[in-house]
Amino acid sequence: MKDEALLTNDERRTTKAASAPSSFFLGLSSSWLLPSLAFCLMIVLWEAVVRGFNVPLYLLPAPSGILGAFFQQPGYLLQIGLFTFGEALAGFAIGCGLGALVAAICVRFPLLAEGLVPFSVGSNAVPIVALSPLLGIWLGSISPASKIGVVAIMTFFPTLINVYRGLTSPSPDTLQLMRSYAARQRDIFLKLRLPAALPYLFNALKICASLSMIGAIVSEFFGGRQSALGVYIKSQAGLLRLRECWSGILMACILGIVFYLLIAAAERLVMPWHMSFRRER
Amino acid sequence: MPNPIANPQYLIAMNAPIIAIDRVTKTYDSGGGTVTALHDVSFSIQAGEFIALIGPSGCGKSTLMRLVGDLDQPSAGSIQVKGKPPRQARLDRDYGIVFQSPVLYDWRTVRKNVELPLEIMGRTEPARQERSRAMLQLVGLQDFGEAYPWQLSGGMQQRVSIARALSFDPALLLMDEPFGALDEITRERMQAELLLICGDAGADTTVIFVTHSIPEAVFLADRVVVMSPRPGRIERVVDIDLPRPRDIATRESPRYFELVTEVRESLRES
């Protein structure tokens, strides 16, 4: 065209275009270094305290004892863990899916949002896991359905609130811009509201990943299949087989962390542009 | 180009204003009473004109621009854009709008931001790419197509916003204090660039430019519309007879200072 690049060299230098941050894994590892160190230190201290002060087993077993129990039957623990994880995942899918869907409907019908959203915020204060015994009565206390039900209710509201906030986050200016293009509702939703809501959605999914493992295990305390992790933890505690009990808790921790990390990884894949992944300007 | 004398209907079309604002009033309900943002405003704009709206806060200059762009509706009076109501002009995609903040989409690259209106208007992929390339070249950002908005400075982001507004070649460019958030040096450079793009020779884009800055209004516009508040109305229209193309020499010419003074004095009277 008629004029050359109208930028000064100064401007070119201050902006780093195109060359996106490449040290993805390096950045990951450096931000993980300190927490890992702190974790190891904690384990070592734990081991030292239990051995040094001869802490009785029923109070606290040593990490080495827990790991020993864990590696006596890792396959079995994984199997019952995955059973519970399956319940958590099913409840998570139902709760988060319905939550996101209802949020989208709320955007279309503001009156519905006015009625539903404040009420959903309030439901955050309700300990939904306390409903477990009731869901046991409704859906069968042994059946996985009651656990899935608890998890679905627990994850529904945080997803609804977060996704609704995300879908309504675009500023008036961005919406007016769409209006000036005579954009259809479908385009406004797909090209503006939905991408704007993604960070909020992933926030909700991360919260719900932790919630769903909690919900599944705690509701198994009220009854469930023998092949379930929560049932195992509770029965081993009842038998005072505390190393085994702790090894079950360890499996629950591992699965919870893996679930969270999977979602965090999906987040990076889906929205590499997001603020939280920017490191330099 | 058709010969106007041989084609009388074309002659009429050429003389008809592209925007005709006729006794427009706009009131808002605010709490207890009503606020009159604009009172009985009439004004017309010819095709290709660069109009600057200037005035203190509350004089209704942004409101007037928004009424023309069908982002809001007048309480009384009528507006015609290319002989149509503003709503029809909007549906016909006659408006390119630039706000004070660039309002770029974080999740889209610079190129994809420029292509957004074209996507919505259903242009094909090759057509979009060709257009965005040309637009980015026009605003001097051809090397930044694959960058994300947050990687650019404020001035560069606003250039992307201008490229996006021009991407579908609208008849009208509506700009609401587009350089208001930029520093003075960047601001003057952006003004010069804007004139290169759509102010000087061979410009067929009509521009309505809302601003707080007197020098900016005088440097850019063919006519400066001075507005006054309570209720919002047009105080005076100052013709800017500075020759085009305008450049740094324009800013230093005696006539420029005379006009700046004239606009300033009309603002003081308002």
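## Helices on the sheet of chain B

In this predicted model, helix α7 (residues 184-198) of chain B lies across β3, β6 and β7 of chain B and runs at about 165 degrees to β7(B). Helices (H or I, at least four residues) and strands (E, at least two) are DSSP runs, numbered from the N terminus. Axes are lines fitted to C-alpha atoms, for helices over the stretch in contact, and angles run from 0 to 180 degrees between N-to-C directions.

The open, mixed sheet of chain B has six strands in the order β5-β6-β7-β3-β8-β9. Because β5 (95-98) and β9 (233-239) of chain B each have a single partner strand, they stand at the edges, and one side of each lacks a neighbour in the sheet. The twist from one strand to the next averages 20 degrees. Two strands pair if DSSP finds at least two bridges between them.

## Strand β6 and its partners

Strand β6 (residues 172-176) of chain B runs parallel to β5(B), joined by four bridges. B:Tyr95 is partnered with B:Leu172, and B:Val98 with B:Met175. Five bridges link β6(B) to β7(B), also in parallel; here B:Asp176 has B:Val210 as its bridge partner.

Five of the five residues of β6(B) are buried, that is, under 20% relative accessible area (1.4 Å probe, protein chains only). B:Leu172, B:Leu174 and B:Asp176 point one way, whereas B:Leu173 and B:Met175 point the other way.

## Conventions

Residues are numbered from 1 along each chain as its sequence is written, and chains are lettered from A in the order in which they are written. Local features need pLDDT of at least 70, and side-chain values use heavy atoms, without hydrogens and water.

Key
Predicted model: local features only at pLDDT ≥ 70, side-chain atom pairs only at ≥ 80, totals over all residues. Contact = heavy atoms within 4.5 Å. Buried < 20%, exposed > 50% of the residue type's maximum accessible area, 1.4 Å probe, protein only.
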